[in-house]
Amino acid sequence: MSRRTVRAVAPGKINVHLSVGALRSDGYHDLATVYQAISLYEVVEATEADGFSLEFTGPVDTSELSIDEDNLALRAARAVAAAGDVTAGVALRIEKHLPIAGGLAGGSADAAATLVACDALWGLELGRARLLEIAAELGSDVPFSLAGGMKIGTGRGEKLSSILHRGSYDWVLVFGDGELSTPVVFNELDKHRWSTSRDTGIIVLDPAVPTEVLQALRLGDVEMLADAVHNDLQAPALHLMPRLMGTLELGDRLGAVTGMISGSGPTCVFLCEDADSARELVAGFAAQGITGHHVTGPVPGARVVG
Ligand code: C5P
């Protein structure tokens, strides 16, 4: 008997704005962020099987990724099976396009695509609300990869709310040659805050998305958005990987409207005036031997395809 396969995709994300609050007792930080889903996708194929297994394909080197039980996609598959009282297993094949530990939520996208693929494979129809609950248990960015589009994230990033926005944005991504661990970057931010607050008495304010960001997005105004983007994790990421500053400066010189670190890095993202400017920026980077990837956002969240 032939085994059925369901294919699903899930997008990576950029944090257009990321404001980090205080360290909580559970080890997470409260934050307020604006997520934008971008047109760079993980592709997951879920095939009926007796047990649970995982393999990676695609352009990204995955040789160091765990394919054991602790892998987020396998945990996602098992969580869907548990929620639907499914006793069968699944063989997952993930075509990876998002860099590992790159600040674009690639692992979260793997999990989000797995959630919708397994839900469809087993005919569960758990519904978006239940899948979002499961996603939040898996990781802070997983609910957004499921939802897609453009959303405000609060709590540790898992609480999503809608935002008024118009238009589409052109970005050029430059992946870092290396990885930055999210907990390490958050920890670096805390260390810096503790040391400066001892000197100056500065306290960490409640995280918030400024009205300038919301207004720029409502108008779809690239220049206005460029003035308003901000990432609290940028300084600690640059401190841990100073060479990223050179990439940001180069993007600036090559004509990007603005550049920033995405999430906890090391991917640098450059906002461009339009698609032509983005293509020119990719060519400019190429002339310096650097690969840039032109993507657009916002795009829809995780979904079954074909
Ligand atoms: O939720 P996720 O498993 O992706 O988070 C990975 C790590 O990143 C957490 O264990 C925590 O150290 C850090 N983190 C944080 N505050 C957040 C999100 C993540 O400190 N809001």
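Mentor: Happy to! Helices and strands here are DSSP runs numbered from the N terminus, with at least four residues (H or I) for a helix and at least two (E) for a strand. This is a predicted model, in which local features need pLDDT of at least 70 and side-chain atom pairs count only at pLDDT 80 or more, while totals for chains, interfaces and linings use all residues. Residues are numbered from 1 along each chain as its sequence is written, and side-chain values use heavy atoms, leaving out hydrogens and water.

Let's begin at the ligand. Its shell is made of Gly27, Tyr28, His29, Leu31, Gly139, Ser140, Arg156, Thr182, Pro183 and Phe186; a residue is near a molecule if one of its heavy atoms lies within 4 Å of it. Strand E2 (29-49) and helix H5 (182-200) each give at least two residues to this shell, and the largest share, 3 residues, comes from H5. By type, the shell holds 4 nonpolar, 5 polar and 1 charged. In that sorting, Ala, Val, Leu, Ile, Met, Phe, Trp, Tyr, Cys and Pro are nonpolar, Asp, Glu, Lys and Arg are charged, and the others, Gly among them, are polar.

A ligand oxygen lies 2.6 Å from an N or O atom in the side chain of His29. A ligand oxygen is also 2.5 Å from an N or O atom in the side chain of Ser140. Taken alone, the ligand exposes 450 Å², and the protein buries 74% of that. Such accessible areas come from the Shrake-Rupley method with a 1.4 Å probe, and for residues only the protein chains shown count as cover.

Stay with Ser140 for a moment. You will find Ser140 in the loop between helix H3 (128-138) and H4. Its relative accessible area is 15%, so Ser140 is buried; the word means under 20%, exposed means over 50%, and partly exposed is in between (1.4 Å probe, protein chains only). The side chain of Ser140 also makes a polar contact of 3.0 Å with the side chain of Arg156. Arg156 in turn lies over the face of Tyr28, at 4.9 Å from the ring centre. For a charge to sit over a ring, NZ of Lys or CZ of Arg must be within 6 Å of the ring centre and within 35 degrees of the ring normal. Elsewhere, Arg78 is placed over the face of Phe52, 4.2 Å from the ring centre.

A search of the whole structure finds 2 of them. Rings of Phe, Tyr and Trp (its six-membered ring) pair if their centres lie within 6.5 Å, and the pair is stacked with planes under 30 degrees apart, edge-to-face over 60 and tilted for the rest. Tyr35 and Phe144 have ring centres 4.5 Å apart and planes at 10°, so they are stacked. This pair links distant parts of the chain, 109 residues apart, with Tyr35 in strand E2 and Phe144 in helix H4 (residues 142-147). Both Tyr35 and Phe144 are buried. Phe270 and Phe285 make a tilted pair, 5.3 Å centre to centre with 50° between the planes. Since Phe270 lies in strand E10 (residues 268-272) and Phe285 in helix H10 (residues 275-287), the pair ties together parts that are 15 residues apart in sequence. Phe270 is buried at 0% relative accessible area, and Phe285 is buried at 0% too.

Finally, a few backbone details. The peptide bond joining Gly265 and Pro266 is cis, with omega about 5°, and Pro266 belongs to the loop between strand E9 (258-261) and E10. Another cis bond runs from Gly297 to Pro298, with omega near 0°. Glu125 has a positive phi of about 50° although it is not a glycine. At 73% relative accessible area, Glu125 is exposed.

Technical notes: Polar contact = N/O pair within 3.5 Å; in protein donor to acceptor, adjacent residues only side chain to side chain.
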